[in-house]
Amino acid sequence: MRSKLYINGVWVDGSGTMPVYDPSNGSLITEVATAGEVETEAAIAAAYEAFTPWAKTAPRVRAEILRKAFEIMIAEADELATLVSRENGKVFSDAKAEITYAAEFFRWFAEEAVRISGDFRKSPSGDKRILVTHQPIGVSLLITPWNYPAAMATRKIGPALAAGCTVVLKPASETPLTAMAIVDILERAGVPKGVVNLILPTPVGASISKMLHDPRIKNLSFTGSTEVGRVLLHEAADRVIRCSMELGGNAPFVVFDDADIPAAVQGLMIAKMRNGGSACTAANRIYLQRAIAEAFTVEFTQAMEALVMGPGMESGVNLGPSVSVKERDKIAALVDSAVSGGAKVRTGGKVPEGDGAFYPATVLTCEVDNVILKNEIFGPVAPIVIFDTDAEGIAFANETDFGLISYIFSKDLKRALQAAEGIESGMVAINRGVVSDPAAPFGGMKQSGLGREGGFDGIHEFLETKYIGVEI
Ligand code: NAP
């Protein structure tokens, strides 16, 4: 297991260490190296040095390294998933699904590396030719969260390397081991020294602020909370650094009265409970049309009660712990304030006795103004609200500052598409509990972010567009 920093092609000790815990029982997994000023400077310098030669490599060379990394990840998926489950807490099947999803970003961007298109045309005035080309931005700072420690790293590293950028990766403190394992794979796949660097700078706020004021850093790709994203946007403004922001969600899950109820319940179990509810895409507010609300709630509550909670690596378990007791306590506090505000508990709602950061599958019914609907829960809690007309359902769904993803269930595709067009989110799932796909643009509207990852758009987050006007 790697536990050091990776700078200029070498695994190095840092200025200190920090612990990584197993959230299912609070035990120490290992200590990892942290970066002080010396290591942070060395990582930036290495990425800066490596940029020009890397940008000049043939796209096919970059593609083949990424393809090789994809193959190693798939071959080692079980070991990687075990590591994800240990440090993050998610159940093994979710961890394995994450590794497959994460590896796909390497495959997809291996394919995209050789398809960066340009444009050559006559200007409307006829006096020149318009040549449009795309060039790698330069050294990119990648900051990732704990909830998808593998996929959030590959979703950034894949397009960055494909575009010809070099990177400094800063994974979340709770889950650095997975990122280290992925960097180890990239090293074995043939990434040249300096192209990928991994550091855990401390203290994080001051160190990242300093990095964003360093003229060698040209681009910031951040995935995490809106709160931290907003701070980083302010920091990046000083040097007008390009920013991609994948921020928090507060996804509505809207079920119309003509929906296939068993399919919608199944969809909600995926949308709500994948990753134990700690997903930016997690269904956070459940809106049910009055005619089907009670039948749906009964069926959904039964499905939630059937889940087995326990350590993520134990067989038969389908709900693991949160990543830490601190995160679990945030979930418990939100449920308590929802109940104080009039929400009724249909199941769950109590922190269990014993060790580990566990919180049970919880179903609440509440009014549309309940405080829990304003917050990203990031845990296994489903607050349900009833609506009457379609227009009211959409209006409720849009009552948020966030706009990452929405879910709509209806057998009438026209009705569902009309709702999808009226909903303010970057992604909409119709009759599905999951839409994430490396081949599709992932990202949000409103305060859920800026830019898109994956799909054809993802590589452009790491490319500058250059127009050359040619006299003819
Ligand atoms: P977070 O607290 O914002 O942390 C994210 C990353 O930012 C971590 O690496 C963290 O480092 C770092 N960080 C924290 N404070 C910082 C600062 N002042 N300056 C620079 N970096 C700082 O988020 P999280 O709790 O890890 O993740 C959960 C959030 O991520 C949720 O809101 C979720 O919706 C969002 N998310 C969004 C997407 C998406 O694609 N839109 C995907 C996944 C998650 P430390 O760990 O060292 O504090």
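Val240 lies in the loop between α8 (226–237) and β11 (242–246). The model described here is predicted. In this model Val240 has a positive phi of about 50°, although Val240 is not a glycine. Its relative accessibility is 70%, so Val240 counts as exposed.

**Backbone exceptions**

Most residues other than glycine have a negative phi, and most peptide bonds are trans. Asn431 belongs to the loop between β19 (427–430) and β20 (445–446). With a relative accessibility of 37%, Asn431 counts as partly exposed. A cis peptide bond joins Thr202 and Pro203, with omega at about -10°. Pro203 is placed in the loop between β9 (196–198) and α7 (204–212).

**Relative accessibility of selected residues**

The table lists residues from the loops and from a ring pair treated below.

| Residue | Relative accessibility | Class |
|---|---|---|
| Val240 | 70% | exposed |
| Phe456 | 56% | exposed |
| Asn431 | 37% | partly exposed |
| Trp108 | 16% | buried |
| Gly454 | 0% | buried |

**The sheet β5-β6-β22**

An open sheet is formed by 3 strands in the order β5-β6-β22, and the pairing is antiparallel. β5 (119–122) and β22 (463–471) are the edge strands; each has a single partner strand, so one side of each is left without a neighbour in the sheet. From one strand to the next the twist averages 20°. Between β5 and β6 (residues 128–136) there are 4 bridges in the antiparallel sense. Within this part of the sheet, Phe120 stands opposite Leu131 in β6.

The loop between β21 and β22 contains Gly454. The relative accessibility of Gly454 is 0%, so Gly454 counts as buried. Gly454 and Arg155 are 299 residues apart in sequence, while their C-alpha atoms are 6.7 Å apart in space. Arg155 in turn lies over the face of Phe442, at 4.0 Å from the ring centre. Another charge over a ring is found at Lys90, whose charged end sits over the ring of Tyr148, 4.2 Å from its centre.

**Aromatic pairs**

A pair of aromatic rings is described by the distance of the centres and the angle of the planes. The structure holds 9 aromatic pairs. One of these joins Trp108 and Phe456: the ring centres are 5.6 Å apart and the planes meet at 45°, so the pair is tilted. Trp108 is in helix α4 (residues 92–113), and Phe456 is in the loop between β21 (449–450) and β22, so the pair ties together parts that are 348 residues apart in sequence. The two partners fall into separate accessibility classes: Trp108 is buried, with a relative accessible area of 16%, and Phe456 is exposed, with a relative accessible area of 56%. Elsewhere, ring pairs link Phe253, Tyr407 and Phe409 into a cluster.

**The largest nonpolar core**

In soluble globular proteins, nonpolar side chains tend to be buried together. In this model the largest nonpolar core has 121 residues, and the members that touch the most other members are Leu161, Leu220 and Phe300. Helix α4 gives the most to this core, with 11 residues. Domain 1 (5–247 + 448–471) and domain 2 (251–437) both give residues to the core, so the core lies between them.

**Strand β16 and its partners**

How much of strand β16 (residues 381–387) is buried? In β16, 6 of the 7 residues are buried, so the strand is largely enclosed by the rest of the structure. β16 runs parallel to strand β13 (residues 283–289), to which 4 bridges join it. In this pairing Leu288 stands opposite Ile386 in β16. Strand β15 (residues 362–365) also pairs with β16 in the parallel sense, over 4 bridges. Here Val363 stands opposite Ala382 in β16.

Notes
Residues numbered from 1 in each chain as written. Predicted model: local features only at pLDDT ≥ 70, side-chain atom pairs only at ≥ 80, totals over all residues. Heavy atoms only, no water. Pairing = 2+ DSSP bridges. Helix = DSSP H or I, 4+ residues; strand = E, 2+ residues; numbered from the N terminus. Axes fitted to C-alpha atoms, helices over the stretch in contact; angles between N-to-C directions. Phe/Tyr/Trp six-rings, centres within 6.5 Å; stacked < 30°, edge-to-face > 60°. Buried < 20%, exposed > 50% of the residue type's maximum accessible area, 1.4 Å probe, protein only. Lys NZ or Arg CZ within 6 Å of the ring centre and 35° of its normal. Core = buried A, V, L, I, M, F, W, Y, C linked by side-chain atoms within 4.5 Å. Domains from an automatic or database assignment.
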